[in-house]
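Reader: I've got a protein on my screen and I'm new to this. Can you walk me through it, one question at a time?

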Amino acid sequence: MPRRRQSHEPGHRRKFLVVIDDTPECDRAVYYAARRAARTHGGVVMLSVLELADVQSQWLGVADLMRAEATDKAQAQLDHFAARARLLSGLEPEQVIVEGKVAEEILKVIEADEDIAILALAAGAGSEGPGPLVGMLAAGMGAGSWAHLPIPITIVPGALEDAELDALA
């Protein structure tokens, strides 16, 4: 059974969870979450998931090198988006790097932090489709059903400009 959300209890604050990846729409989710968190006196948690399925089939030294390179890339992305969130909101976002499958790790992070109250995703604006995370949502979450997620999901249209997101956040 999922833990009860504590974001409105004394000593807690509502946090927005954003999954950081290299898609163009990631910036829209970060922008929305940072602005919304600032306006509601909340926080932002940025999650980067290392999907390293090929690592297990590699020699130990190669696997360690692959893991280190992926971690460095993830940390650079987190640092970039954390700086953007600080600029937008004045808040210091939490940064989390985990290894595993995205859907499973999202659930684990939400379960581990009872202050996370909203998962903010952004839909892709291009003709390629809604993007990997929103596509996963539409197809049904690999690790289980999104219907059993203990928090709401906000899907930010990827084509919205900063001013439009400011009006909504």
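This is a predicted model: local features need pLDDT of at least 70, side-chain atom pairs count only at pLDDT 80 or more; totals for chains, interfaces and linings use all residues.

Reader: Where is His 41 found?

Author: Look at two elements, helix H1 (26–39) and strand E2 (43–50).

Reader: Is His 41 buried or exposed?

Author: A residue needs over 50% relative accessible area to be called exposed. His 41 has 68% relative accessibility, so it counts as exposed.

Reader: What is phi of His 41 near?

Author: His 41 is a residue other than glycine, yet its phi is positive. The value is near 60°.

Reader: In what order do the elements of the protein run?

Author: The protein has five helices and five strands. Going from the N terminus on, the order is β-α-β-α-β-α-β-α-β-α.

Reader: Is Val 18 buried or exposed?

Author: Val 18 lies in strand E1 (residues 15–19). Buried means under 20% relative accessible area. Val 18 has 0%, so it is buried.

Reader: How far is the C-alpha atom of Val 18 from that of Ala 120?

Author: Along the chain, Val 18 and Ala 120 are 102 residues apart. Still, Ala 120 is among the residues in contact with Val 18, and so are Val 44, Val 45, Met 46 and Leu 47. The C-alpha atoms of Val 18 and Ala 120 are separated by 5.4 Å.

Reader: Which element gives the largest share of the largest nonpolar core?

Author: That core has 26 residues, and Val 18, Ile 20, Val 30 and Met 46 touch the most other members. E1, H1, E2, helix H2 (60–89) and strand E4 (116–123) each supply at least two residues of this core. The largest share, eight residues, comes from H1.

Reader: How many residues are in the second, separate core?

Author: Ala 103, Ile 116, Leu 121 and Leu 149 are included in this one. The second core is made of 20 residues.

Reader: What percentage of the residues of the protein count as buried?

Author: Let's take in the whole protein. It exposes about 8800 Å², with carbon and sulfur atoms supplying 56% of that. Of its 169 residues, the share that count as buried is 44%.

How values were computed
Residues are numbered from 1 along each chain as its sequence is written. Side-chain values use heavy atoms; hydrogens and water are left out. Helices (H or I, at least four residues) and strands (E, at least two) are DSSP runs, numbered from the N terminus. Buried means under 20% relative accessible area, exposed over 50%, partly exposed in between (1.4 Å probe, protein chains only). Contact means heavy atoms within 4.5 Å. Accessible areas come from the Shrake-Rupley method with a 1.4 Å probe; for residues, only the protein chains shown count as cover. A nonpolar core is a set of buried Ala, Val, Leu, Ile, Met, Phe, Trp, Tyr and Cys residues joined through side-chain atoms within 4.5 Å. Lists of a residue's contacts leave out its neighbours within four places in sequence.
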